[in-house]
Structure formats: structure tokens, C-alpha cells
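Here is a short briefing on a structure, with notes on its pockets, rings and charges. Take a look at it before reading on.

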Amino acid sequence: MYEPHSSSVVMECRVLSIQSHVVRGYVGNKSATFPLQVLGFEVDSINSVQFSNHTGYAHWKGQVLTAEELNVLYEGIKLNKVNHYDYILTGYSRDTSFLEMVVDIIQELKKANPSLVYVCDPVMGDHGAMYVPENLLPVYKDKVVPLADILTPNQFEAELLTGKKINTEEDAVEVMDLLHKMGPETVVLTSTDLPSKQGDQFLVALGSQKIVKPDGTNTSQKICMDIPKVDAVFVGTGDLFAAMLLAWTHHHPKDLKAACEKTVSVMHHVIKRTITYANEIAGPGKRPSPAQLELRMVQSKADIENPAVVVEAKVLQKSSH
């Protein structure tokens, strides 16, 4: 058998992604797996649900994985001693027992590999309304977020987790610092209702990364981005965002500005391609259907691999604590 020289064996990066699966379309693992693979990651996926399509369609059918079934799958991985991961990625979950089993698995994987990075999208709701059962909040707050290394809440989710409302940029900075104190060293508020300096056609996203200086003191890099709004409802964009942030923070571990610029730029290209296609198919003056608005993921392969940066992040501050 041919053995490659050890010098040519690049340590591969392996991601365990625990998310939804749909037969048709792009949400959850379907949104995360292809882009991560294109960027060279090995992706092991556990499908928390298997649905015909996302729930924005008129109809959907399918199965839900129980906490016990999740554990059985993990046990199989463990028995074969292949439970070594560099990253874990989780998104939407609507069941406390399932989420608690995820927590147990992450704790065990972090013991096996202390340098494992957990990327968590704490999906709970948006625009002031929760769309998961309220009893998930304490599980996220007390068990999940403390384990997370990279956290990607929207404004509402960040407010839920910290108990503080965001009305100004200062509030947002304070909320990100509160989230750091809870565990994650990288926090990105993926969307906020803060007014953009570029006008109401833009939404504001913010990020913060804790940096330990050589002398041991903590500082943080805080950034802010104005992202062009698109007038349509897309599904699976949050899942793509978290996956791309995982990939680009891996390539730019100490540079949140670069990682966020590339992440948001990928989003921009995929969404632009999707809306252009959807409007074309729907015809003039017609609103595209959920099926027509499925992300144009495969068609965006080149943009995912090498995104032209179209959104620049501004550095807010490097503050010492």
C-alpha cells in the first residue's frame, strides 16, 4: 500500500455538525456541509431532524431525532475511537433533552481534545418573539453558552441570554462583553435593529473577540459592519453564516475583522445570486415562493471558496480590561 511521506500529510480539520436535514433545499446541515467541504473541512453530520423541506413551505413531513437516538449515534462513533473533532457546530434545537444530550457530548469531546472549538448559533427567536419553547433559554444560558467558543446570536437572542436590551451601539458592546464573561471568546451579533450610518437600506452587525496579550492582560477587538438589506425572506442563511464564520476564523484566528468580512461577503454573494434567480423565475411583479428562494448554494461554489470582499468591517475599539 502506498504510504505518503509524513511531510505531505496535512492535519485535517474535522467538524461535527449537529443540525437539521432537509431532502430538498438548504437549511441546517444542508446549508453548512457543502460550504465547509468546499473550504477543505471534513464534515461529520448528525441530522437532528429529517424533513422533506423547511417549514416555510405550505407542507412538510418528516422525522425528529430523539436525545436517545442522538446518543446511540455518538456511541457508535466513540466505540470506533473516531470521536476526535477540531470543531463542533450546532444550530436550531427545539427540545431540552436533545440540547442537554448535545451538551454532554460536547463536554466529552472537549475532554478528548481540549483545543476543540465549539461554534454555537443559539437559535431561539427574532424580532422580539421566541420560536422555540421558553424552557430552552435556561439550558442555553447555564449549559450551552458556557461551553461555546464562538457564539452567533442575533440581537434578540443576545438580549435573552444577557437580560439586557440593546438600544445603542454602547449597549451592544456591553452585551457582547457580558456574553464573553459567560464563556465565548468570540461573539458576533449577526443582525441588530441599530440604525446604520449608511441609511435604512443597511443592517448593522457587530463582533467582538477577546485577545489575551503576551503580558497576560485581556483586551478585545470590536468591529461593526453595515450589511446591505435584501427584501425577501431567506431560510438557511443563519446556518450558512455560522458555518462560514467557523471556516474563516479558522483561517484568520486572530483577525475577527477579516473573518467577518469574508463571512458576510459570502452571504452577500449567495443571497444576491438567490434573489436574482428567484425574481427571474417568479416573473415581473410576483413575489418568489419559498421553493424559488432556496439558496443558490452549488452555483455559488466559487464565491464560497474565494469571496470578493464587498463589506468592510470598521474597528470600533481595542479596549483593555
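What volume does the second largest pocket have? The second largest pocket has a volume of about 420 Å³. This is a predicted model, in which local features need pLDDT of at least 70 and side-chain atom pairs count only at pLDDT 80 or more, while totals for chains, interfaces and linings use all residues. Residues are numbered from 1 along each chain as its sequence is written, and side-chain values use heavy atoms, with hydrogens and water left out.

**The second largest pocket**
- A pocket here is an open set of points on a 1 Å grid over the protein atoms alone, with protein on both sides within 12 Å along at least five of seven lines; lining residues have an atom within 4 Å of a point.
- The lining holds 18 residues, and Val117, Glu185, Gln209, Pro253 and Lys254 lie nearest the centre.
- Strand E10 (202-212) and helix H7 (237-251) each supply at least two lining residues, and E10 gives the most, with 4.
- Helices (H or I, at least four residues) and strands (E, at least two) are DSSP runs, numbered from the N terminus.
- By type, the lining divides into 7 nonpolar, 6 polar and 5 charged residues.

**The cavity**
- There is 1 cavity of 30 Å³ or more, a cavity being a set of points where a 1.4 Å probe fits but cannot get out.
- The largest cavity contains about 50 Å³ of space, where a volume is the space filled by probe spheres set on the points.
- Among the residues that line the largest cavity are Ile18, Ser48, Tyr92 and Phe98, and helix H3 (residues 96-112) provides the largest share, 3 residues.
- This lining has 5 nonpolar, 4 polar and no charged residues.

**Rings and charges**
- The structure holds 1 aromatic pair (ring centres within 6.5 Å).
- Phe41 and Tyr87 form this pair, 6.2 Å centre to centre with 80° between the planes, which is edge-to-face (over 60 degrees).
- Phe41 lies in the loop between helix H1 (29-38) and strand E2 (42-51) and Tyr87 in strand E4 (residues 87-90), so the pair ties together parts 46 residues apart in sequence.
- The charged end of Lys30 sits over the ring of Tyr26, 5.5 Å from its centre.

Technical notes
Rings of Phe, Tyr and Trp (its six-membered ring) pair if their centres lie within 6.5 Å; planes under 30 degrees apart count as stacked, over 60 as edge-to-face and the rest as tilted. A charge sits over a ring if NZ of Lys or CZ of Arg is within 6 Å of the ring centre and within 35 degrees of the ring normal. Ala, Val, Leu, Ile, Met, Phe, Trp, Tyr, Cys and Pro count as nonpolar, Asp, Glu, Lys and Arg as charged, and the others, Gly among them, as polar.
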